[in-house]
Amino acid sequence: MKATAHLAASFLLVLSMSASGAFAQDAPAVDDARFAWKKSDLQVDGVFPHMAITTPGMGSKSETGVGALIAWADRLWTIGYVAHISGSGLGLYEIREDMSFRMHPESVTGTFANRMIHWESSQAIIGPHFIDEKGNVRTSKELSKHRLTATARHLTDPKNKVYFMTMEGLLFETDVHSLESTLLYDLIKELKIDGYKHFKGAYTSQGRLVVANNSYDEKEFLETRKAGRLAEWDGKTWTVLEDNPFVEVSGHAGQALYAVGWDKRSVILRVLDDGQWTRYRLPKG
């Protein structure tokens, strides 16, 4: 755990420079130099320049960065993020304990910020990728076409399925074995949102799936439109909890769930504990 924590901390420092099983068997030799392992002893106060995420000559027109990190199979995995699935050259990266680093051959350029461990099938899910306990990677080609912002546990079949939510508010149900996906809802329509599509967090807890949309611009500030949402689904009915922008929903299985949003006056914290919601206002910097 100490090594993993050091690895995660070191890699987070790398990001500032750029826009349970044994090690997996190395993939067969690949001609594409992008997938070769890279290692360097050069570091500056814990920053390793050889791990900078870049897309030289073929990157996004707007932003290039990292959407998610997850420690799994004795490695740290990270996924690239570009705006609007625009550009090329990013993908799925893996980092070993000795700080060697490479882009994985299964890489797909996209707008991905989701990650989750699915313990029942011993898989880590990051972006459209499913990684087993030995580090073998499978990719959902269908999901890779979408801007994935959250993966959450399934309400009725958590052993075999998960939910994927896209920035556009599409909610998919995906089989973790076959990777087959079914579209369940268009949340823009279901939650009656009049505004741009910017869904972010989603989390399952206490018998409900909670989702967040953080749409916010001048119209929200002037209170002439309310496009933000915090909503919950019990498997049958959707209930809107807030019509303010919410950006993240998270928690711990079987324990309290936290949702963070705001309006022009303050930060808003919603807490779900023992099936009951509590609402707090906090200072906004």
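**Note on strands and salt bridges**

1. Strand β10 (residues 161-166) is mostly covered, since 5 of its 6 residues are buried; buried means under 20% relative accessible area, exposed over 50%, and partly exposed in between, with a 1.4 Å probe and protein chains only. Strands are DSSP runs of E with at least two residues, numbered from the N terminus.

2. The model is predicted: local features need pLDDT of at least 70, side-chain atom pairs count only at pLDDT 80 or more, and totals for chains, interfaces and linings use all residues. Residues are numbered from 1 along each chain as its sequence is written, and side-chain values use heavy atoms, with hydrogens and water left out.

3. β10 has antiparallel partners in β9 and β11. Strand β9 (residues 148-153) is joined to β10 by 5 bridges, and Thr151 stands opposite Phe164 in β10. Strand β11 (residues 170-175) pairs with β10 over 5 bridges, also in the antiparallel sense; here Lys161 stands opposite Asp175. Two strands count as paired if DSSP finds at least two bridges between them. The hairpin of β10 and β11 has 3 residues between the strands, and Gly169 takes a positive phi near 90° in it.

4. An open sheet of 4 strands runs in the order β5-β6-β7-β8, with antiparallel pairing. Its edge strands, β5 (115-118) and β8 (137-139), each pair on one side only. Within the sheet, 4 bridges join β6 (residues 123-126) to β7 (residues 129-132), and Ile125 has Phe130 as its bridge partner in β7.

5. The whole structure holds 14 salt bridges, a salt bridge being a side-chain nitrogen of Lys or Arg within 4 Å of a carboxyl oxygen of Asp or Glu. One of them joins Arg153 and Glu120, with the closest N and O atoms 2.6 Å apart. Arg153 is in strand β9 and Glu120 in the loop between β5 and β6, 33 residues apart. Arg153 is partly exposed at 27% relative accessible area, and Glu120 is partly exposed at 38%.

6. Glu242 forms a salt bridge with Arg279, the closest N and O atoms being 2.6 Å apart. Glu242 lies in strand β16 (residues 238-242) and Arg279 in strand β20 (residues 276-282), so the pair ties together parts 37 residues apart in sequence. Glu242 is buried, with a relative accessible area of 5%, whereas Arg279 is partly exposed at 38%.

7. Arg225 and Asp217 meet through their side chains in a salt bridge of 3.1 Å, N to O. Arg225 counts as buried at 14% relative accessibility, while Asp217 is partly exposed at 31%.
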